[in-house]
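Q: I have a structure open and would like to go through it piece by piece. Can we start with some side chains and work outward?

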Amino acid sequence: MLDGRYQGFAIVTHEPGVCVISFDEPDRLNGLTRGAKRDLQEIMTQVNTDDDTRVVVITGTGKGFCAGDDIFTPIGDDRHRPTLVPPQVRSSRGAPVNQAPLLRAYSQDLVRAIRNVDKLTIAAINGVAIQLGLSIALACDYRIASTHARLGSATLRFAFLPDEGGHWLLVQHLGLARALDFVMRSKIVTAVEALELGLVTEVVEPDALLDVTMDLARELAAGPQVAMRMLKRSLYNSVHQTFEQAGEDIAAKTAISDHHPDTREGMLARREKRAPRFNQWLGEPAPDAPRDPTWFVPPS
């Protein structure tokens, strides 16, 4: 169980395996320090192999989802110290020779870690999602936004670049022409505008945000986890593959999923005209679960 308080966020797990990560420094609009980014990156690594986690929800507290990097807290402040990995070495952002490795290690690797989670992820965007905050949301599989949310890159307002990989994510979601216009004009859009652009999946009233998010999370958590995780990875892979490559990728995964207990349970449930009870492999089998359903032959 990953529940607990970490640098800049807290985790509470809800049944059946919904891991809710809440940024909890609302006075800073949940801007992330180096310590918070390192802790969150490590959590994403652990989530992938944690049997208690099926779906990950990321949200914020107060008026912000995440306003990006916390560039105002001095580097020596305790907020920059992660709790899950060894203390950072002394390294100044102001030294050009350190800049590239710092960006790769603290910002890009965090976004990459979120994208690399095989389990489904949902961003519940309660407020402003700017720069790194926007990229964290775009790295998730689903994005449900409150009508109070505001989304943007806006790095050029400080003459910064979207160095966490935000430019790449925006091209993936918007296409080149719209991504170029979005970042060059430092746009910050409303939730409804973000929905029209395709940056979010759904827009709801603030009071309904967590309820709608948790309903979706529980629906996803009840699905066949092995098949869903493999399908997620195949969908992401297919963006950069030819038809032949994508076909080979999903065929290899199907050779595994077709022989998994969830598939046998799905077929048995259809025969018995009942709802399937997936994911029994994650816990004790149901008393009436088939012990040896050898009748099932995977389709050729």
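Q: Is R274 buried, partly exposed or exposed?
A: This is a predicted model. In it, R274 is partly exposed, because its relative accessible area is 22% and the buried class ends at under 20%.

Q: Which residue does R274 form a salt bridge with?
A: The partner is E265, and the closest N and O atoms of the two are 2.7 Å apart.

Q: And E265, buried or exposed?
A: E265 is buried, since its relative accessible area is 5% and anything under 20% counts as buried.

Q: How many salt bridges does the structure hold?
A: There are 12 salt bridges in the structure. One of them joins the side chains of D24 and R5, at 2.9 Å from N to O. That pair links distant parts of the chain, 19 residues apart. D24 sits in the loop between strand 3 (18–23) and helix 1 (34–47), while R5 belongs to strand 1 (residues 4–6).

Q: What about the exposure of D24 and R5?
A: D24 is partly exposed at 23% relative accessibility. R5 is partly exposed as well, at 48%.

Q: Which residue does D70 meet in a salt bridge?
A: D70 meets R28 there, and their side chains are 3.6 Å apart, N to O.

Q: Changing topic, to strands. Why is strand 8 largely enclosed by the rest of the structure?
A: Strand 8 covers residues 142–146, and four of its five residues are buried, so the rest of the structure largely encloses it.

Q: Which strands does strand 8 pair with?
A: Strand 6 (residues 120–125) pairs with strand 8 in the parallel sense over four bridges. Strand 11 pairs with strand 8 in the parallel sense too, over three bridges.

Q: What does A145 stand opposite in strand 11?
A: A145 stands opposite V203 there. A145 is also the bridge partner of I125.

Q: Now the surface. Which residues form the nonpolar patch?
A: The patch is formed by L156, L161, V171, L176, L180 and M184, with about 600 Å² of accessible area together. Helix 5 (residues 176–184) gives the most to this patch, with three residues.

Q: Where is M184, and is it buried or exposed?
A: M184 is in helix 5. M184 counts as exposed because its relative accessibility is 55%, and exposed means over 50%.

Q: Which residues gather in the patch of negative charge?
A: E205, D207, D211, D215 and E219 gather in that patch on the surface. E205 lies in the loop between strand 11 (202–204) and helix 7 (209–222).

Q: Is E205 buried or exposed?
A: E205 is exposed, with a relative accessible area of 51%.

How values were computed:
Residues are numbered from 1 along each chain as its sequence is written. This is a predicted model: local features need pLDDT of at least 70, side-chain atom pairs count only at pLDDT 80 or more; totals for chains, interfaces and linings use all residues. Side-chain values use heavy atoms; hydrogens and water are left out. Patches are made of residues with over 30% relative accessible area and no salt bridge: like charges are joined within 9 Å, nonpolar side chains (Val, Leu, Ile, Met, Phe, Trp, Tyr) within 5 Å. Accessible areas come from the Shrake-Rupley method with a 1.4 Å probe; for residues, only the protein chains shown count as cover. A salt bridge is a side-chain nitrogen of Lys or Arg within 4 Å of a carboxyl oxygen of Asp or Glu. Lys and Arg count as positive and Asp and Glu as negative; His and the chain ends are not counted. The place of a charge is taken as NZ of Lys, CZ of Arg, CG of Asp or CD of Glu. Helices (H or I, at least four residues) and strands (E, at least two) are DSSP runs, numbered from the N terminus. Buried means under 20% relative accessible area, exposed over 50%, partly exposed in between (1.4 Å probe, protein chains only). Two strands pair if DSSP finds at least two bridges between them.
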